[in-house]
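Reader: Before I set up any calculation, I would like to go through this model with you, one topic at a time. Could you take the packing, the rings, the strands and the open spaces in turn?

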Amino acid sequence: RGDDDDPRGTGETRGQSPARRPRDVVGYYVETGQDYSAWSRNFNMHFGYFRWGVNPLVLERMLDEMSRQVLLRLELDLDRENRLLDMGCGLGASARFAAGEFAGLRIDGITVVPWQVEQARRMAAADGLDGSIRFVQGDYTAAPFAGGAYDGVYAVESACHAAGYDKEGFVREAARLVKAGGRLVLADGFLKGTRKMTPALRWCLDTVCRNWALETFGEIGCFTDCLKRNGFEVLQVEGVSWRIAPSVMHIPWETTRFLVKELFKTRLRLNRVRWGHIVACVLAPIIGMARSRFGYYLITARKTE
């Protein structure tokens, strides 16, 4: 693929991890977990999806709509029970939405963060959904589940935490866990494989990755190639950057509102991890505007082997 073989223009090969030390994922979410309530009362930890009929002024509706769009692309047979896996479930917002909206689902969620498991279980029980959702602590690249156990697997802005441009560990485990004929659907941001970036954009990207506990965002070509070599047929790669833009527009207001509250509560005595999270949130729209370098995608693949 020519210049795309070196997406950063630094001599790295496709799929190879960049030389960067991200923040510890567990530590990051322990420190910032409650801060996500400023973004979503249901602890949706992702961007929203806009379509006609969804009010762009109501952030929570768009956040739920993203979960709905991911689930619809699994194309489940709702006349029977389906077992789903949420890889990187966070506080379980997408799983709770799915269990509440779609009948006959049995959902497992896995997260490496112990605090998230405990909180997710409490919220599912409060919604009366603990009988249909199970949350487990573990690494989604080495999950404690039987192979071929799931009719569908999905990930909403969590695959980005896996290593490398191709997210090989995530993809390999998803391929092991989903049944033949089952689907993997994910929503996430990806690099577009451009060879060079301006120093300012590179600084923004590195700062966001470091403060959101990412080694790197995936590179879209590397990722789809990885899907294919792990037994997936790539059905659809949808660039949906414009559909998440209305939710991104909420960042300045929600960030300002959060800081005002923290000013009264703590006089803005936030630790380095929490400040870094705020900085990353502010910089994220700048990266998103670099449309030739970065995009947000909904990716649908089917296990063929």
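The questions and answers below go through these topics one after another.

Reader: What kind of model is this, and which conventions apply?

Author: Residues are numbered from 1 along each chain as its sequence is written, and side-chain values use heavy atoms, with hydrogens and water left out. Local features need pLDDT of at least 70, side-chain atom pairs count only at pLDDT 80 or more, and totals for chains, interfaces and linings use all residues, since this is a predicted model.

Reader: Which residues does Leu 71 contact, leaving aside its neighbours within four places in sequence?

Author: Contact means heavy atoms within 4.5 Å, and Leu 71 is also among the residues with the most contacts inside the largest core. With neighbours within four places in sequence left aside, the residues in contact with Leu 71 are Leu 84, Phe 97, Ala 98, Phe 102 and Tyr 154.

Reader: Is Arg 96 buried or exposed?

Author: Arg 96 lies in helix H3 (residues 93-101). Beyond its neighbours within four places in sequence, Arg 96 has contacts that include Asn 42, Phe 43, Met 123, Asp 127 and Ile 133. Its relative accessible area is 8%, and therefore Arg 96 is buried.

Reader: Why is the pair of Trp 39 and Phe 47 classed as it is?

Author: Rings of Phe, Tyr and Trp (its six-membered ring) pair if their centres lie within 6.5 Å, and planes under 30 degrees apart count as stacked, over 60 as edge-to-face and the rest as tilted. By this rule the whole structure holds 10 aromatic pairs, one of them being Tyr 28 with Tyr 29, edge-to-face at 4.7 Å centre to centre and 70 degrees between the planes. The centres of Trp 39 and Phe 47 are 6.2 Å apart and their planes stand at 90 degrees, so this pair is edge-to-face.

Reader: Which residues form one aromatic cluster with Tyr 28?

Author: Tyr 28 is buried at a relative accessible area of 1%. One aromatic cluster brings Tyr 28 together with Tyr 29 and Tyr 36.

Reader: How many bridges pair strand E5 with E8?

Author: Two strands pair if DSSP finds at least two bridges between them. Strand E8 (residues 294-303) is mostly covered, with 9 of its 10 residues buried, and 7 antiparallel bridges join it to strand E7 (residues 232-239). Strand E5 (residues 178-191) is also antiparallel to E8, with Val 185 bridged to Thr 300, and the number of bridges between E5 and E8 is 9.

Reader: How many residues of helix H5 are buried?

Author: The buried residues of H5 (residues 168-177) include Phe 170, Val 171 and Leu 177. They pack against strand E1 (82-87), strand E4 (150-156), E5, helix H7 (220-229), E7 and E8. Of the 10 residues in H5, the number buried is 7.

Reader: Which element gives the largest share of the lining of the largest pocket?

Author: On a 1 Å grid over the protein atoms alone, a pocket is an open set of points with protein on both sides within 12 Å along at least five of seven lines, a cavity is a set where a 1.4 Å probe fits but cannot get out, and lining residues have an atom within 4 Å of a point. The largest pocket has a volume of about 950 Å³, and of its 42 lining residues the closest to the centre are Phe 47, Trp 212, Ile 251, Cys 281 and Ala 284. The largest share of the lining, 9 residues, comes from H10.

Reader: What is the volume of the largest cavity?

Author: Grid points are joined across faces, edges and corners, and a volume is the space filled by probe spheres set on the points. The search of the whole structure finds 1 cavity of 30 Å³ or more. The largest cavity is lined by residues including Leu 191, Met 197, Arg 293 and Phe 294, and its volume is about 30 Å³.

Notes: Core = buried A, V, L, I, M, F, W, Y, C linked by side-chain atoms within 4.5 Å. Buried < 20%, exposed > 50% of the residue type's maximum accessible area, 1.4 Å probe, protein only. Helix = DSSP H or I, 4+ residues; strand = E, 2+ residues; numbered from the N terminus.
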